[in-house]
Amino acid sequence: MKELNIHNWTLEVDVKETYDQYKNAKWDLCDCIDCLNFFQAMKTTSSKLSDLFNSLGIIPSKCVHLSEFGPTENGLHLYMGCYHIVGRIKEGKSVDTSSWDEHNVAEVDNFSFVFSNDLIFVPGSMPLPVLQMDFSVEIPWVLKEPYGQ
Ligand SMILES: [Zn+2]
């Protein structure tokens with residue numbers, strides 16, 4: 001386990017195991033067009049955001065649970081979802097999506113996230129302990145196929 005300090009949290013993360021879980025993902029990725037757009041867009045994130053995912057062992061295009069909330073005023077698409085990480089919150093409060101606010105949410109570029117012990121959609125292959133990163137992000141529509149098909 002590696003100790004990581006992110007925002008108000010100190011996490012203990014098994015980075016290698018987490019990465020192996022994503023690399024060999026034994027879970028089904030949704031193949032609807034909204035999710036495909038997210039997977040494609042998340043293949044090229046900023047270096048700051050890539051650093052965050054790499055430090056945790058997450059492959060962002062292999063997101064197990066996603067919801068898309070349509071185009072925003074600035075023409076981007078709002079997504080919310082979660083990633084699972086092999087590890088635990090050592091210090092800092094578990095924050096779920098219903099209780100996040102400007103003080104307890106972390107941000108890298110326009111990727112906003114919290115860490116939580118409340119787990120949903122955990123892939124069966126993931127060894128415990130597992131913690132969850134809930135996020136929201138606005139990304140462009142990158143597919144050739146138009147939105148809303
Ligand atoms: Zn989908």
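The radius of gyration is taken here over C-alpha atoms, and the rule for a globule is 2.2 Å times the number of residues to the power 0.38. For the 149 residues of this chain, a compact globule would have a radius of gyration near 15 Å, and the chain, with 15 Å, agrees with that value. The structure is a predicted model, in which local features need pLDDT of at least 70 and side-chain atom pairs count only at pLDDT 80 or more, whereas totals for chains, interfaces and linings use all residues. Residues are numbered from 1 along each chain as its sequence is written, and side-chain values use heavy atoms, with hydrogens and water left out.

Along its principal axes, the C-alpha trace of the chain spans about 45 × 35 × 30 Å. Of the 149 residues, 45% count as buried, where buried means under 20% relative accessible area, exposed means over 50%, and partly exposed lies in between, for a 1.4 Å probe and protein chains only. Where a contact is defined by heavy atoms within 4.5 Å, residues 24 or more positions apart account for 70% of the contacts in the chain with a separation of 6 or more. The secondary structure comprises three helices and seven strands, which follow one another from the N terminus in the order β-β-α-α-α-β-β-β-β-β; helices (H or I, at least four residues) and strands (E, at least two) are DSSP runs, numbered from the N terminus.

Strand β1 (residues 2-6) pairs with β2 in the antiparallel sense over five bridges, and N5 has T10 in β2 as its bridge partner. These two strands form a hairpin with two residues between them, and H7 in the turn has a positive phi of about 55°. Strand β2 (residues 9-13) is in turn joined to strand β4 (residues 77-91) by four bridges, again in an antiparallel arrangement; T10 has E91 as its partner in β4, and V13 stands opposite G87. Five of the five residues of β2 are buried, so this strand is largely enclosed by the rest of the structure. Both of its faces are covered, with W9, L11 and V13 buried on one side and T10 and E12 buried on the other.

Strand β4 also pairs with other strands. Five bridges join it, antiparallel, to strand β3 (residues 65-71), with L66 opposite G81. The hairpin of β3 and β4 has five residues between the strands, and G75 takes a positive phi near 85° there. Between β4 and β7 there are 10 bridges, in the antiparallel sense, and G81 has F135 as its bridge partner in β7.

A nonpolar core is a set of buried Ala, Val, Leu, Ile, Met, Phe, Trp, Tyr and Cys residues joined through side-chain atoms within 4.5 Å. The largest such core has 43 residues, of which F38, L56, Y83, F111, F113, F115 and M133 touch the most other members. Strand β7 (residues 130-139) supplies the largest share of this core, six residues. Leaving aside neighbours within four places in sequence, F111 is in contact with residues that include M42, F53, Y83, M133 and F135. P60, in the loop between α3 and β3, is buried at 12% relative accessibility.

S116, in strand β6 (residues 111-116), is buried at 0% relative accessibility, and a polar atom of its side chain lies 2.8 Å from the backbone nitrogen of D118.

Finally, the zinc ion has as its protein donors C30 (SG), C32 (SG) and C35 (SG), at 2.2 to 2.3 Å, where donors are N, O and S atoms within 2.8 Å of the metal (3.2 Å for Na, K and Ca), and sites may look incomplete because water is not among the atoms. Along the chain these donors follow the spacing C-x1-C-x2-C. C30 is partly exposed at 38% relative accessibility, whereas C35 is buried at 8%.

Note on methods: Two strands pair if DSSP finds at least two bridges between them. A polar contact is a pair of N or O atoms within 3.5 Å; within protein, one must be able to donate a hydrogen and the other to accept it, and residues adjacent in sequence count only if both atoms are side-chain atoms.
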